[in-house]
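The tour below goes stop by stop.

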Amino acid sequence: MKYKLNNIQIYIESNYEKMSKQAAYLLASQIRLNSQSVLGLATGGTPVGMYKELVRMHKEEGLDFSQVSSFNLDEYCPISRDNPQSYYYYMMDNLFKHINIDTDRINIPNGNVENIEEECKNYENKIIKAGGIDFQVLGIGNNGHIGFNEPDDKFEAFTHLVYLDEGTIEANSRFFDSIDEVPKKAISMGIKTIMLAKKIMLLANGKNKAAIIKKTIFGEITPKVPASILQVHPDVTFVVDEEAASEIIPLLK
Ligand code: PGA
């Protein structure tokens, strides 16, 4: 089911697999329309199914990533790239090693550098040099974070160092052996970096995302719910499953 609310498009799919396929289809359409697209990519549990479908599209339908560039939203800090919990490792494992993307065009913040401020500045400059992000994929935290922009008193503009929320550390501990192993910091694109993307697609599935999806789309625009800023982006698409949509479905009818 597809809905339109001013500048916001909402696809509600019956389950995770269909959500993943719809998201992959929209991302693939972007690449087919512009083979040199600059993609902004997300990690976490949510987009795994979308990446799986994109790999299938590459292998079976020849979806061509050879001219595509990518910038990931965030990375833990400190973490080495060969750590299986790093987002670098995740991206290689879930997508990049299975497709024909040019490794020189892959960009992921390096969470293992001495000078973090310089890394953030360089990352932001690389995005500008690439011509900006054409299509940004986002997940959403239970607290409304996008990238690792945690709830705050103000929107942080550009790529920056983040101290992760207790709730985020706890949510992400499911990927680690113990909660103590979850890094406490991260490098994240800022809200302005994200909002400058020409198109944005946010994915969410599961009942535990239902309340935050409602707040994001229908609530007050506030840095306390970082994703709420998307209400004023000119071209944003939500692709959600029925569980994540359960609190907005009554408001759309
Ligand atoms: P998840 O994380 O996909 O693992 O739920 C989303 C996020 O924290 O942005």
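Strands here are DSSP runs of at least two residues, labelled E and numbered from the N terminus; helices are runs of at least four, labelled H. Keep in mind throughout that this is a predicted model.

**Stop 1: Ser70**

Select Ser70, which sits in strand E4. Is Ser70 buried or exposed? Ser70 counts as buried, at 1% relative accessibility. Now show its surroundings. Leaving out residues up to four places away in sequence, Ser70 touches Leu39, Leu41, Phe96, Ile101, Arg105, Ile106 and Asn107. Ser70 and Ile133 are 63 residues apart in sequence, yet their C-alpha atoms lie 8.4 Å apart.

**Stop 2: helix H3**

Move to helix H3, residues 87-94. Which residues of H3 are buried? They are Tyr87, Tyr90, Met91 and Met92. Colour what covers them. The cover includes strands E3 (38-41), E4 (69-72), E5 (74-77) and E6 (106-107). Helices H2 (48-61) and H5 (166-172) are also part of that cover.

**Stop 3: the aromatic rings**

Stay in this region and show the rings. How many aromatic pairs does the count come to? The count is seven. Start with Tyr76 and Tyr87, a tilted pair with 4.8 Å between centres and 35 degrees between planes. Tyr76 belongs to strand E5 and Tyr87 to helix H3, so this pair ties together parts eleven residues apart in sequence. Tyr76 is buried at 1% relative accessible area. Tyr87 is buried too, at 8%.

Tyr76 and Phe176 pair edge-to-face, 5.7 Å centre to centre with 75 degrees between the planes. Phe176 lies in the loop between H5 and strand E9 (185-188), while Tyr76 is in E5, so the pair links parts 100 residues apart in sequence. Phe176 is buried, with a relative accessible area of 9%.

Now widen the selection. Tyr51, Tyr76, Tyr87, Tyr90, Phe148 and Phe176 make up one aromatic cluster.

**Stop 4**

Select the cysteines Cys77 and Cys120. How many disulfides does a search of the whole structure find? The search finds zero. The cysteine sulfur closest to that of Cys77 is in Cys120, 8.1 Å away, which is too far for a bond. A disulfide needs the two sulfur atoms within 2.5 Å. Cys77 is buried at 3% relative accessibility. Cys120 is buried as well, with a relative accessible area of 6%.

Step along to Pro78. The peptide bond joining Cys77 and Pro78 is cis, with omega about -5 degrees. Pro78 is in the loop between E5 and H3.

**Stop 5: the ligand**

- Gly45: a backbone N or O atom lies 2.8 Å from a ligand oxygen.
- His145: a polar side-chain atom lies 2.6 Å from a ligand oxygen.
- Lys209: a side-chain N or O atom is 2.7 Å from a ligand oxygen.

On its own the ligand has 280 Å² of accessible area, and the protein covers 85% of that.

**Stop 6: Thr216**

Now select Thr216, in helix H7 (residues 210-218). Thr216 counts as buried, at 0% relative accessibility. Look at its side chain: a polar atom there lies 2.7 Å from the backbone oxygen of Ile212. Beyond residues up to four places away in sequence, Thr216 touches Ile140, Val225, Ala227, Ser228, Gln231 and Phe238.

**Stop 7: Asn6**

Finish at Asn6. It is in the loop between strand E1 (2-5) and strand E2 (8-13). Buried or exposed? At 70% relative accessibility, Asn6 counts as exposed.

Key
Residues are numbered from 1 along each chain as its sequence is written. This is a predicted model: local features need pLDDT of at least 70, side-chain atom pairs count only at pLDDT 80 or more; totals for chains, interfaces and linings use all residues. Side-chain values use heavy atoms; hydrogens and water are left out. Buried means under 20% relative accessible area, exposed over 50%, partly exposed in between (1.4 Å probe, protein chains only). Contact means heavy atoms within 4.5 Å. Rings of Phe, Tyr and Trp (its six-membered ring) pair if their centres lie within 6.5 Å; planes under 30 degrees apart count as stacked, over 60 as edge-to-face and the rest as tilted. A polar contact is a pair of N or O atoms within 3.5 Å; within protein, one must be able to donate a hydrogen and the other to accept it, and residues adjacent in sequence count only if both atoms are side-chain atoms. Accessible areas come from the Shrake-Rupley method with a 1.4 Å probe; for residues, only the protein chains shown count as cover.
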